[in-house]
Amino acid sequence: AKYTRWKFTNEAKEKDRGTVNSIDFYFWKGYDDFDATRKYDSVNNEYKRFNGGKPHKDLETGKQLVAKNVVVQFSKETGSVDEHKHLLYNTIGSDKALIFQNCNAIKGTWSKKSRIARTKFFDNNGKEIKFVRGPILIEIVPTGNKVTY
């Protein structure tokens, strides 16, 4: 099987970073415990994850979750599909995306051709995104939800 790799780059120098210090969005109205905030840490050039207004910490280590790249992948939501209110998200095809890295926001799209294909992310000019080396957090959010940054 052929493995398709994402493209990577080194992080930007401090003088070349942007001003996107916070990313805020919700998954479902009325479920505030799931509201998401990502706050930029300029010292480490990464985003710290908060859910429901509280730091989101790793259960094993107790450390707050961080990422060098935050991707908001918009997707059609279907559900609930069972008595536990599970939801399904369309992750084959394409839709809009926002990519945050180096304190910048990149408007773009995502595309995935089949179940076993790699999801690829592109800017609005069709150029494939190069991720900053380090953790990547992909948030699948219902199409049409608002993201503030």
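**Close-up views of aromatic side chains**

**View 1. Arg118 lies over the face of Trp6.** The distance from Arg118 to the ring centre is 4.3 Å. A charge counts as sitting over a ring if NZ of Lys or CZ of Arg is within 6 Å of the ring centre and within 35 degrees of the ring normal. Trp6 also belongs to one aromatic cluster, together with Phe8, Phe121 and Phe131. The model is predicted: local features need pLDDT of at least 70, side-chain atom pairs count only at pLDDT 80 or more, and totals for chains, interfaces and linings use all residues. Residues are numbered from 1 along each chain as its sequence is written, and side-chain values use heavy atoms, with hydrogens and water left out.

**View 2. Lys39 lies over the face of Phe50.** Here the distance to the ring centre is 4.7 Å.

**View 3. Phe8 and Phe131 form a tilted aromatic pair.** Rings of Phe, Tyr and Trp (its six-membered ring) pair if their centres lie within 6.5 Å; planes under 30 degrees apart count as stacked, over 60 as edge-to-face and the rest as tilted. By this rule there are six aromatic pairs. Strands (E, at least two residues) are DSSP runs, numbered from the N terminus. Phe8 is partly exposed, at 36% relative accessible area. Phe131 is buried, at 1%. Buried means under 20% relative accessible area, exposed over 50%, and partly exposed in between (1.4 Å probe, protein chains only).

**View 4. Phe100 and Tyr149 form an edge-to-face pair.** Their centres lie 5.1 Å apart, with 75 degrees between the planes. This pair, too, links distant parts of the chain. Phe100 sits in strand β10 (residues 93–101), and Tyr149 in the segment after β15 (147–148), 49 residues apart. Phe100 is buried, with a relative accessible area of 0%. Tyr149 is partly exposed, at 41%.

**View 5. Phe27 is found in the loop between β2 (22–25) and β3 (36–41).** Phe27 is buried, with a relative accessible area of 12%. Leaving aside neighbours within four places in sequence, Phe27 is in contact (heavy atoms within 4.5 Å) with Phe34, Ala36, Glu139, Ile140, Val141, Pro142 and Asn145. Asn90 is 63 residues from Phe27 along the chain, and their C-alpha atoms are separated by 15 Å.

Terms used. Helices (H or I, at least four residues) and strands (E, at least two) are DSSP runs, numbered from the N terminus.
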